[in-house]
Amino acid sequence: MGLESLTAAATDAAKASPAEKGQKGLPPVHLWNPPFCGDLDMRIASDGSWFYLGTPIGRPALVRLFSTILKREDGKHFLVTPVEKVGIRVDDAPFLAVEMLREGEGEGRLLRFRTNVDDWVDCDAAHGLRFKAAADGGLTPYLHVRADLWAKVTRAIYYDLVDIGEERVVDGRAMFGIASGGGFFAMADAEQMRDAT
């Protein structure tokens, strides 16, 4: 399958399948189970750039279109239409969280994140944050976008998260983390965070 035929299939799928309630512009890929048609030479780099045959896909509208038919199964990423499924490579996470808005304070605080493909995601129990140890000894935050798809939070936003973080007791242990949407997302042991600052 070439880029042109995939683009046409994705466009047709987006037109034919109305978006789910609350999911602007997202076709119901979780309902589609077409046959696997092989791997495509498409890659999402760790900086969020999309490549086809080693060349960057420079059209944001095309990247946005492909992002709406992205699915993850058994640790692999696929582009899925009602009639075909092709495998692609993802270096880290398929999305980046590039902007954060804070609404409210205290227990009513909600953090909203914009991804590099212009989706807005409210950080709450259904779309939480997780923190993974980075190679440099620090932490890399990820935001759950949908299904089993995550956005890596940019370094600048990570520092903003640290600034608004707080200590809470989780399972009898003092943890440093982020409160949003009625949830608390533990980042690290509170004592380790105090020692690091």
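The turns below cover the chain, its sheets and its cavity.

Analyst: This is a predicted model, in which local features need pLDDT of at least 70, side-chain atom pairs count only at pLDDT 80 or more, and totals for chains, interfaces and linings use all residues. Residues are numbered from 1 along each chain as its sequence is written, and side-chain values use heavy atoms, with hydrogens and water left out.

User: How many helices and strands does the chain have?

Analyst: Helices (H or I, at least four residues) and strands (E, at least two) are DSSP runs, numbered from the N terminus. By that rule the chain comes to four helices and 15 strands.

User: In the three-stranded sheet, which strands pair on one side only?

Analyst: This open sheet has antiparallel pairing and the order β13-β14-β15. The strands that pair on one side only are its edge strands, β13 and β15 (183-189).

User: Which residue in β14 is the bridge partner of R168?

Analyst: β13 (residues 166-170) and β14 (residues 173-180) are antiparallel, with five bridges. They form a hairpin with two residues between them, and D171 in the turn has a positive phi of about 50°. The bridge partner of R168 in β14 is M175.

User: Which residue in β15 stands opposite I178?

Analyst: β14 also pairs with β15 in the antiparallel sense, over six bridges. In β15, the residue opposite I178 is F185.

User: How much space lies in the largest cavity?

Analyst: On a 1 Å grid over the protein atoms alone, a cavity is a set of points where a 1.4 Å probe fits but cannot get out, and lining residues have an atom within 4 Å of a point. Grid points are joined across faces, edges and corners, and a volume is the space filled by probe spheres set on the points. The lining of the largest cavity includes R168 and S180. The space in this cavity is about 40 Å³.

Methods. 1 Å grid on protein atoms, 1.4 Å probe; cavity = no way out; pocket = protein on both sides within 12 Å on 5 of 7 lines; lining within 4 Å. Pairing = 2+ DSSP bridges.
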